[in-house]
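Here's a quick briefing to read with the model open in your viewer. Have a look at the fold, then go through the points below.

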Amino acid sequence: MGAGIVLHLKLTINDVLKRSTFSKAKVAAGSKGLNRLVKWVHVMEVAQIGNLLNGNELILSTGMAWKDNEQAFLSFVLELIELNVSGLCIELGTQLSAVPASVLEAAENHGLPIILFEEEVRFIDITQDLHTYLIQQHFKMITELESFSQALNQLLLSSNPQENILKLLHQSVKMQVVFIHSQKNVTLFPAVDSPEQEEWLDFIEKNQESSSVVRQPIQALDHLFAELILCSKDQPITDLHILLADRTATALANQLLREMYTAEKKRAEENSWMQEWLEGRHRDEEIEKHLVYLGMKGRHQGASVFCVELENGEAGFTETQYPYIQIVIRSIFEPLGFYILPYVKSDHLIFILINLRDASSYKERVRKGIHLARENQNIPLLFMAVGKWISRLSALDKSYDTAQKALMLQTKLAKGKISPLYDDLHMYRLISMIQDKQELDDFIQDYLKPVIEYDTKNNTRLLNTLKVFLMCNGSKQETAGHLFIVRQTLYHRIKQLEELLGKDFMEPGKRQALEFAAMAHEYMEL
């Protein structure tokens, strides 16, 4: 298919006028609209159109509905223009002897062809002829699309698939093809110089809503990687062009996905070196050198380890899940300013997040990335945790160790109960370090036993009120808002807490102990 597929699957007013059924027809107005596309032919003898038309119809009429009413005739034509009708054919003689000048003027001004038959014609012959032609074209379009799809599949196996696919599309549609990658590098086929490229990009920007441009996203795994654009300054975009662009976009998405999959498998070969790095066995100089070798660009602003584990209790990831999840994580975190290095272990995936932007926005960007990963419907349910942020890359073993601790807390306390960032775990870090669980339980009972027993006996949630009150730093207004209760109810509950814990329960020392006990109670419960 080196020469491309030649596609001329369209019917214009000009084409219609060449049919034998129009041999005695003449164009009375709107000659500048003779290139309008015709998608169907419709006989219409009504004055009010309403919802009867979809656009691009060729209308046949005797003028019976408005033969004695010039204003109704003009309103009818103006409505046809508004609905983007392809043309109006009128049989003169039976109902209408002539077309008013006002109607011809309106049609001429808007480029709506008005075609006159000055002797009797059989509308049934016209509709049968044109509908047969359109159906045959539709069948031919399906055949051509199938051939085009087969050609795309062949090109996917070629040595330079992306360029060859864009070339085939251009040869088939005879339009300018523009390929914009998500990283903003632009490829035009055929290639043009820089000034002309800027002209085309400006033309696309100004004609986004017109019939001269079609934009087709290149998507994979629910992420936009690139965009394919067809544009023409001298011919409109047809439904066939849109279908061809859609098939091409699918082929390009498959090609991009295959490239990413291959790249991920290659990166997996780095696992041995990565393991030594996570164990703290590489110096800063070695690490910096290796990152340049891997292709990292720009100066880093520290790093952290991101651990991912299956949430559904399975022993680990399947071989096919590794590159799939890696591609998704990479596509999410790289645009947020991280250079990603994946490492595979038997029970979980590890990603080294090397920060390439200002360190002050690091946490916000990591939280956003985790949120997007959790929202993605194409990856399995995951537990995710991020270790301590480190400024020196040789200290990555500390981040890895804390990421594993944060991951353990995520699995114990359930996803969403606590922050996935180790740096945000605060008191939970201390709780998880206590090995003697009986001693931890004794501490909880020493401080919270009266409240726990009261809730059990009276089926109340006084402990939850205490937790929220402590979280709000003793603000009664804020606490009432969080609990969705009126202040009077809160005052009553605080009085109950004072009776159970003592009036000094909000004094600094005792308050800190109660906060620790409340968090430890939640940890033990879950």
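This is a predicted model: local features need pLDDT of at least 70, side-chain atom pairs count only at pLDDT 80 or more; totals for chains, interfaces and linings use all residues.

- Four strands make an open antiparallel sheet, ordered β11-β12-β10-β13; strands (E, at least two residues) and helices (H or I, at least four) are DSSP runs numbered from the N terminus.
- At the edges sit β11 (338-344) and β13 (382-386), each pairing on one side only; pairing takes at least two DSSP bridges between two strands.
- Strand β10 (residues 303-310) runs antiparallel to β13, and five bridges join them.

**The helix across it**
- Helix α11 (residues 362-375) lies across β10, β11, β12 (349-355) and β13, at about 175° to β13; axes are lines fitted to C-alpha atoms, for helices over the stretch in contact (heavy atoms within 4.5 Å), with angles from 0 to 180 degrees between N-to-C directions.

**Helix α3**
- In α3 (residues 101-110), Val103, Ala106 and Ala107 are buried, meaning under 20% relative accessible area with a 1.4 Å probe, protein chains only.
- Those buried residues fall within an arc of 95° seen down the axis, so they line one face of α3; the arc uses directions from the helix axis to the C-beta atoms.
- Ala101 and Glu105, on the other side of α3, are exposed (over 50%).
- Cover for the buried residues of α3 includes β1 (25-29), α2 (70-82) and β5 (114-117).
- Just after α3, Gly111 has a positive phi of about 70°.

Terms used. Residues are numbered from 1 along each chain as its sequence is written. Side-chain values use heavy atoms; hydrogens and water are left out.
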